[in-house]
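Colleague: Please put the coordinates up. I would like to go through the charged side chains and ask what each label rests on.

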Amino acid sequence: MSATADHAEERTNPAARLGFQPGQVVQEIGYDDDVDQELREAIEEAIEGDLMDEEFDDVADAVVLWFRDDDGDLTDVLVDATTYIEEGGAILLLTPKTGRTGYVEPSDIQDAATTAGLTASKSVSVGKDWSGSRLATPKAAKSKR
């Protein structure tokens, strides 16, 4: 595939744009009937495998975290999610867009990410009803397992 085709795929496939790669192990947390099925399928296509559910008990390369305002304390959920990923891995935090049920304020995401020791990127649209923030763990952090 040419570089031009790769760049075109990154623009049209949200999973590629978010950095998912073939062979990655990705754990999904917070799945419910309101999640964006097209995004889930795009991620599975990008990693060339299935998303692991919350019962997965090994270390993942990344975590996809669906979070709504009434899902509890975001900081606690993020801290828990970091225990599931490799050092230097990422959490894709997916929250409902403005005006949708369960919307989470960007300032709340930033505060929770900072408190959990994560670095947050700018929020991006990843579907009709969901926004995504890529949260990175420190590469030099001590292993939490």
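Colleague: What makes Glu-28 and Arg-40 a salt bridge?

Modeller: The model is predicted, and in it the closest N and O atoms of Glu-28 and Arg-40 are 2.7 Å apart. The cut-off is 4 Å between a side-chain nitrogen of Lys or Arg and a carboxyl oxygen of Asp or Glu, so the pair qualifies. Glu-28 belongs to strand β1 (residues 26-29) and Arg-40 to helix α3, so the bridge ties together parts that are twelve residues apart in sequence. Both Glu-28 and Arg-40 are buried.

Colleague: How do you know that Arg-68 and Asp-34 are bridged as well?

Modeller: Their N to O distance is 2.8 Å, and the limit is 4 Å. Arg-68 sits in the loop between β2 and α4 (74-82), and Asp-34 in the loop between β1 and α3, so this pair ties together parts that are 34 residues apart in sequence.

Colleague: What makes Asp-129 and Lys-128 a salt bridge?

Modeller: The closest N and O atoms of Asp-129 and Lys-128 are 3.9 Å apart, and the criterion is within 4 Å, so the pair counts. Asp-129, at 29% relative accessibility, is partly exposed. Lys-128 has a relative accessible area of 63% and the threshold is over 50%, so Lys-128 is exposed.

Colleague: Which residues are joined into one network by shared partners?

Modeller: Asp-34, Arg-68 and Asp-71 are joined in that way. Across the whole structure, the search finds five salt bridges.

Colleague: Why is Glu-55 called exposed, and where is it found?

Modeller: Its relative accessible area is 68%, against a threshold of over 50%, so Glu-55 is exposed. Glu-55 is in the loop between α3 (37-47) and β2 (60-66).

Colleague: What makes the surface around Glu-55 a patch of negative charge?

Modeller: Asp-53, Glu-54, Glu-55, Asp-57, Asp-58, Glu-86 and Glu-87 gather there. Asp and Glu count as negative, and like charges are joined within 9 Å.

Colleague: How many residues does the protein have, and what share counts as buried?

Modeller: There are 145 residues, and 40% count as buried. The protein has five helices and six strands.

Notes:
Residues numbered from 1 in each chain as written. Predicted model: local features only at pLDDT ≥ 70, side-chain atom pairs only at ≥ 80, totals over all residues. Heavy atoms only, no water. Patch = residues over 30% accessible without salt bridge, like charges linked within 9 Å, V, L, I, M, F, W, Y side chains within 5 Å. Areas by Shrake-Rupley, 256 points an atom, 1.4 Å probe, with all protein chains shown as cover. Charge placed at Lys NZ, Arg CZ, Asp CG, Glu CD. Helix = DSSP H or I, 4+ residues; strand = E, 2+ residues; numbered from the N terminus. Buried < 20%, exposed > 50% of the residue type's maximum accessible area, 1.4 Å probe, protein only.
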